[in-house]
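Thanks for asking me to look this one over.

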Amino acid sequence: MNLEKVIFGFFVVLALTLNFGFFLGEMDNPSHHNVLELFAVIVVNLIATVLKFGDRSQIGAVLLATSLVADLELIAAATYWTFAVHISGTGLTPDVMSSIVSLAGGALLANVISTIILVSETLFNRL
Amino acid sequence: MVASTVDLSRVTFIVMREMRGPLIALLVVYSISIVGMVFIPGIQVDGEVQYMSVFHAFYFMTYTATTTGFGEIPIKFSDAQRFWAIICLYVSVVTWLYAIGSIIRLFQNNFLLRAISEWQFSRGVRRIQTPFVIVCGFGDTGSVLLRGLSDYGMPAVVIDNSEERIKALQLRNYKVATPGFCGDASIPKHLLEAGLKRANCKAVIAITNNEEVNLKVSALARLLNPEVGIISMSKVEVFEETLATLGGEVHIVDPFKTFAKVLAAAMHNPGFYSFNNWLVRDRGATLDRYITPPVGTWIVCGYGRMGHEVNRVLSKYGIKTAVIDPHDSKEEEHIDQYIVGRTTSKTLSKAGIEDAVGILSGTDDDGHNLGILLNARYFNKNLFTIVRQNRHVNEVAFRATEVDMIMQPTLVASRKILFLLIAPLLKTFFRYLLENKPGRQEEMEPIIHRLREKVGRQTPHLITIDFTREKSKAIIQWLDEGKKVYLGDLTRDPRGREKKLDLVVFVIKSGDQEIVLPPEDYEIQENDQLLFCGTGLSHRLFNATINSEYKLFYIQNGVYKPRSHVARWLVKKMNKRGV
């Protein structure tokens, strides 16, 4: 058993599942999407990204790329949330909410790809 | 390449020369028609005579000459213009037909087609970036050889003088590029076009069915490129002497001599014949059944090249032989009984078929060979049989006879050439196994046992590994750091190091030194060459190990190398080697 793989796999899968949890629900309904959940997704995603630093193999590079994409989209979503609620003062209108959720959906896709790569690499190693 | 640019310029030159007439005719007809159209007055609009502009005249001619006919554009024509249009139409359409006819005739010109195919061929050759070989002759031997090379991933350039065979080549589904060219391989220009002087040309293989062409190709190849390896098929001894003196790396492949060597090995080393057949992936070959030719009186039917070689081997082992051949032979030093005549039941009885232990049916006629076999079995059911199969198309018939040894010259030659190219160290290994030294025979048994255990019924893969910077970067990186790599570690399974990979290492070549069956604690050096036999999966896993620093670390230490910065920092902090 490779301990590093366990921790790594844990964070990658946790990032995916949390992201899915946030994404779930009616798209433009603010009561279906919790701000704390978004916060957790971002934190776990960032940890997963850091864990991917330094791997010199080809697959390591692709994994890092997917993680960076997810980070980018999630941070964009959080920034938009903050802007809407605190700076422009428009509040969480259905327009704003659906933009945020669709960004989170993009990040979800990146996380799915990341997990697929992780699983297939493990499978190929066992073949 | 000089050769290819010459050909390209030849193509353009031919096209330009042939198209000169039609182009000039078109130009003249167009310009006269356009000038006419511009100067002929049109209809009057608002009391003013309209003239066509040059642009409109050209537009009109464009659709008229090509028989498109959009009508009278931009305005209605006057009758004078219409009259001129009739003339223009007929003349220009005829000119066009003439031009198109010339183009079609040009592309039916064999000379031009040849020049184009030569140009395409040399372009195909130039696209090959990896090491490749030039194969001269694409018959039965070439066909088997190319299949083998394709499986191994080595591109080949083919020259054959038969257009049909080159067309057949283009329809094969090889995994690598195999540009083919129809032409005489013994013409220097063709060899140059095939890339003889290119740095990645590894070898020239002369396997046409003409001995003299083979000799000429070999000599030319040596003259034009002193570095290139030469493999030539030859069945004539006079030529072999010439070939041997060419210098550099020259291999002469004589299928009959090769078979004789294998037969001799089978005589004193029972496992060898099966082992060899299994290694070359002969259909139905297994490691479980050994084939040993019996000692006693043998009958040799057909005293040609094969008869000679087999007789030589048999007499070397003190076996009495009776030869049946239609032609009388002068040299009868090792032959017990020489019967002149065709092999029939009469001559077979005369040769003592009832008391014989073995028979060689080795004429150059497949039907006759099969006939001899059936005839002989009628007299003596327990005969050990060797039969020569000359044509690949008769495969099914020969398989059905269930003889002990089938000798197919094309197959023997192509496999030998293939191994010379992809597993050059196999020769060393065989030489070691067959050396007449005490204990050698017993050494064979554990090797076969291990192969049976590791590979068993799966297809054996003979793999040559070069420990070079490009092909095994992790190993070289490891060696650069001053650390040692042991062969025993490399053969561990990167998925779980307690298990060993399904492979058996045969030979390691380090510098000029060749170590047969190297020990587990052999230290790998840069530029070593390794030959092993294993399963396809073991080859992939071995390649993964020597190219991934993480896998290499694991098989050496049993713990995983930390991949990320965070894990590396933690491991360092905890004073451990890995996770």
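The points below go from the ground rules to the two chains, their contact and a few single residues.

1. **Ground rules.** Please keep in mind that this is a predicted model: local features need pLDDT of at least 70, side-chain atom pairs count only at pLDDT 80 or more, and totals for chains, interfaces and linings use all residues. Residues are numbered from 1 along each chain as its sequence is written, while chains are lettered from A and ligands numbered from 1 in the order in which they are written.

2. **Chain A overall.** Chain A has four helices and zero strands, where helices (H or I, at least four residues) and strands (E, at least two) are DSSP runs, numbered from the N terminus. Its pattern along the sequence is α-α-α-α. The C-alpha trace of chain A spans about 55 × 25 × 20 Å along its principal axes.

3. Of the 127 residues of chain A, 28% count as buried. Here a residue is buried if 20 or more other C-beta atoms lie within 10 Å of its own, exposed if 12 or fewer, and partly exposed in between, with C-beta atoms placed from the backbone. Two residues are in contact if their C-beta atoms, placed from the backbone, lie within 7 Å. Among the contacts in chain A between residues at least 6 apart in sequence, 70% join residues at least 24 apart.

4. **A helix pair in chain A.** Take a look at helix H2 (residues 35–52) and helix H3 (residues 58–87) of chain A: their axes come within 9 Å and cross at roughly 155 degrees. That makes H2(A) roughly antiparallel to H3(A). Angles under 35 degrees count as roughly parallel, over 145 as roughly antiparallel, 65 to 115 as roughly perpendicular and the rest as oblique. Axes are lines fitted to C-alpha atoms, for helices over the stretch in contact, and angles run from 0 to 180 degrees between N-to-C directions. The residues in this contact include A:Leu38, A:Ile42 and A:Leu46 of H2(A), and A:Leu64, A:Leu68 and A:Trp81 of H3(A).

5. **Chain B overall.** Chain B has 23 helices and 18 strands. The radius of gyration of chain B is 35 Å, well over the 25 Å that the globule rule gives for 579 residues, so chain B is more spread out than a compact globule. That radius is taken over C-alpha atoms, and the globule rule is 2.2 Å times the number of residues to the power 0.38. Along its principal axes, the C-alpha trace of chain B spans about 120 × 90 × 40 Å. Of its 579 residues, 37% count as buried.

6. **Domains of chain B.** The domain assignment gives domain 1 (2–107), domain 2 (129–253), domain 3 (257–421) and domain 4 (440–573); such bounds come from an automatic or database domain assignment. The C-alpha centres of domain 2 and domain 4 of chain B lie 34 Å apart.

7. **A helix pair in chain B.** Helix H5 (residues 140–152) and helix H16 (residues 409–422) of chain B pack at an angle of about 35 degrees, with their axes 8 Å apart. Among the residues that meet are B:Val144, B:Leu145 and B:Tyr152 in H5(B), and B:Leu411, B:Ile417 and B:Ile422 in H16(B).

8. **Where the chains touch.** 13 residues of chain A are in contact with 12 residues of chain B. On the side of chain A that touches chain B, the elements giving two or more residues are helix H1 (3–23), H2 and helix H4 (94–126) of chain A. H2(A) gives the most to that side, with three residues.

9. **Two backbone spots to check.** Phi of B:Thr67 is near 60 degrees, a positive value in a residue other than glycine. B:Thr67 lies in the loop between helix H2 (54–65) and helix H3 (79–107) of chain B, and B:Thr67 is exposed, with 11 other C-beta atoms within 10 Å. Phi of B:Arg281 is also near 60 degrees. B:Arg281 sits in the loop between helix H11 (272–279) and strand E9 (298–301) of chain B and is partly exposed, with 14 other C-beta atoms within 10 Å.

10. **B:Val571.** This residue is found in helix H23 (residues 565–573) of chain B. Leaving aside neighbours within four places in sequence, B:Val571 is in contact with B:Pro562, B:Lys576, B:Gly578 and B:Val579. B:Val571 is partly exposed, with 19 other C-beta atoms within 10 Å.
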